[in-house]
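Morning, everyone. Please have the sequence and the structure up while I talk. I'll take a strand first, then a helix pair, then the interface.

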Amino acid sequence: MTKNAAIIGTGQTRHARRRDDVNQCELVNEAVVRALADAELHPQDIDAVVLTNMELFEGRALPDLWCAEGAAGYLKHCFKIATGGTSGTSGAMAGYYHAASGLFDTVLVVGFEKHSEGQTTGGMALTDPMWDRHVASAAIGNFALSISQYIAARGVTPEQAAKVAVKARRNACNNPYAHLQMPEITVSDVLRSDLLADPIHRLDMCPTSDGACALIYASEEKARKLSPRPAWVKAAVTRHDQPYIGDLENRLLTMRTLRDAARTAYQQVGIRDPLRELDVAEIYEPVTYAELAWYEALGFCPEGEAGRLIDEGMTEMTGLLPVNPSGGVLSTNPVGASGVIRTAEAALQIHGRGGKRQVPDVKTALVTGYGVYSWSDVMILSSEL
Amino acid sequence: MQKVAIIGVAQTKYEAAKTGQNIPEMVSGVVRDALRDAGITIQQIDNVVTASVDLWDGKTASNVYLTEVAGAVMKPEARVAGDGLLAASYAHLQILAGAYNTALVVAHCKGSEGAQMALTNWMFDPVYQQTLGLDYLSAAALQACCYLDTYGISPEQCARVVVKNRRNARRNPLAQAPAELTVEDVLNSRLLADPIHELDAAPVSDGACALILASEETARGRSPHPVWIRGVGSSVDAHYLGDRELADCQALTVAAQKAYRMAGLRDPRQELDLAEVSEAFSYQELLWTEGLGLCPRGQGGQLVEEGITARDGTLPVNPSGGMLAGNPLFVAGLTRLAEATLQVRGEAGERQIRNAQTALAHGTQGPGGQAHAVMIVGA
């Protein structure tokens, strides 16, 4: 049984398509300063630092070497974890393990990415040179294939997917840090936006953003001392899968990594009916259709009923289980930070500091991470230990 | 506190260019051998921690192609984007936290497939230092000048490190560059960047290394040769070379002191039976031994001159041959830990140091040793 640790502070930058006003290290620092202020701590109170970022996107070999100073890492244990899209949740879990290990009391996790300084689609196409690279199509192309399969099997409609986009960008208006805030967005705007790769329209897809997000973890004893309402980590489960897309049969339909990670996490916490027992979910939805597929894998609804869930508004701010009050990855996506943002937003909801995006009385929050073709992370945070 | 053991170790032979194997093949071999060494199956591994850097592999998420060969399908895996010793220390603390009972740690790199100077240039911040054209070699040369000048260390003393390590490598069947050299050979080799000669620098190398870690409960009784992780410490220094005291490697001192404290070592020079340090350049072995507190500042040169760090000395350093005999970046730190483990097990073959009970493994990353990790292992 893993020892206990909690998130006691969060901070994030303003996320945008380009943050030309700061360099990578300054971007990191912007999030760190806010997280320290949120936890009412000073840089010297931090014992260890975990950074997460996909080094190839910006072409920095070991960006942690440069950014450590911006992250209060000087002369401390500080290193970088990166696992594709799940980098942020890998880092969030690493922060938890560090604080639970007995070696460190307070641990800072910072995810960051400056997509504007690289060519993300080109970077994502740098796959296995023997088998994958000549058919590599980065995120949009590989999702188009899997989504077509998903639509054929489940019968979800483009309108239902578009509703996910509308929900995300409208929720983002309540989040002062979000990149894409679209108060007026409608379903027909999504359907009429450029077709990127059938059936994915531009507004179905997440953006690439510049941004950073920081979490502060504390060991159990320290968390009780430092925080009036720690967000305790109750479960942290990772599942990785095959490297080649052709080996993943019916990827979105089965999504066995997310399904297994969620089932394991629910079991650890004793959740039987996630739709009713969770108070909020911050899930990593790179594309609208994925959010629908994740509803099924996460057990929010039986297979084939994800479209109904969104039609009935169950996952809206006013619904039974608000999903992504922050606006999600569809609104903000600095890859190395995206999973950290999910975790921070879930913790924020438990801390009761969600401002206009606060869901009332959150006790249990779900976090997911998604990356590569089908890697999944699931964390459950709770106000109760 | 929970105790963690190293129960399995495997390394590839390190070579200038492993053209016969791609990366997953290289990794698959060491994973298989490490499992065999530990006497367990891949199903008994709870958690995988890999170490590699995307720019060296030329792939996004360079761990992706390892999921099958490292047995990480439907399991937890995380990639440490840096030195393998940091990956081992991450796996170690995950076990301390109670998250897992066993972990496979694997580091790989094919130095032969990338342009080392360009890649290490990209380690520098893009605003001030990268544009100056700094890379691992030029940063090391600046540090070497600073170190030699501050403490009166001579190029001959640095050359002695090369002679010692390449000679030690002759006893290590996995070493890439065993050789019988003289100090003159080193000093007469091509000057790369003053004061670093070609033979003062580690060769470009390909290879992989894997370790298996287990909680005390899992290791006891099951492992024929558990080696215990007694202390861990790591630390990162300032990034800008001008902000650092290059001749003193403060981050290493911080990391080492932390590891010694945790291991309960009061006099490491006396209590350690050997040290495996990551010396990408000859002067670094001298500087790192100082940073590790194995001798007073400025006396690293005497240490090698007096034969103290020779394999028959009182504190052998790099009986494996070290990085100077060829270990890839990012693998090197894990190789040091594998070698330290073999020594404590008494299974280091011809390179065995007699009665080795306590050993130190050191890893570093970043130009001029910006970040350091230290691990103490014992019987």
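First, a term: two strands count as paired if DSSP finds at least two bridges between them. And keep in mind that this is a predicted model.

Start with strand S10 of chain A, residues 364-371. On one side, S10(A) pairs with strand S9, residues 280-282 of chain A. That pairing is parallel, over 3 bridges. One bridge to look at: Val280(A) has Ala365(A) as its partner in S10(A).

S10(A) also pairs with strand S11, residues 375-382 of chain A. Here the sense is antiparallel, over 8 bridges. Gly371(A) is bridged to Trp375(A) in S11(A). S10(A) and S11(A) make a hairpin, with 3 residues between them. In that turn, Val372(A) has a positive phi of about 50 degrees.

Is S10(A) buried or exposed? Mostly covered: 8 of its 8 residues are buried. Both faces are covered. Thr364(A), Leu366(A), Thr368(A) and Tyr370(A) sit on one side. Ala365(A), Val367(A), Gly369(A) and Gly371(A) sit on the other.

Now chain B. Helix H3, residues 84-96, and helix H13, residues 332-345, have axes that come within 5 Å. The axes cross at roughly 65 degrees. From H3(B), Gly84(B), Leu85(B), Ala87(B) and Ala88(B) meet Gly333(B), Leu334(B), Arg336(B) and Leu337(B) of H13(B). That contact has 5 nonpolar residues, 2 polar and 1 charged.

Last, the two chains together. 50 residues of chain A contact 51 of chain B. Elements of chain A that each supply at least two residues include helix H4 (87-100), strand S8 (231-239) and helix H11 (256-269). Chain A's side has 23 nonpolar, 17 polar and 10 charged residues.

Notes
Residues numbered from 1 in each chain as written. Chains lettered and ligands numbered in written order. Predicted model: local features only at pLDDT ≥ 70, side-chain atom pairs only at ≥ 80, totals over all residues. Contact = placed C-beta atoms within 7 Å. Helix = DSSP H or I, 4+ residues; strand = E, 2+ residues; numbered from the N terminus. Nonpolar A, V, L, I, M, F, W, Y, C, P; charged D, E, K, R; others polar. Axes fitted to C-alpha atoms, helices over the stretch in contact; angles between N-to-C directions. Buried ≥ 20, exposed ≤ 12 C-beta atoms within 10 Å, placed from the backbone.
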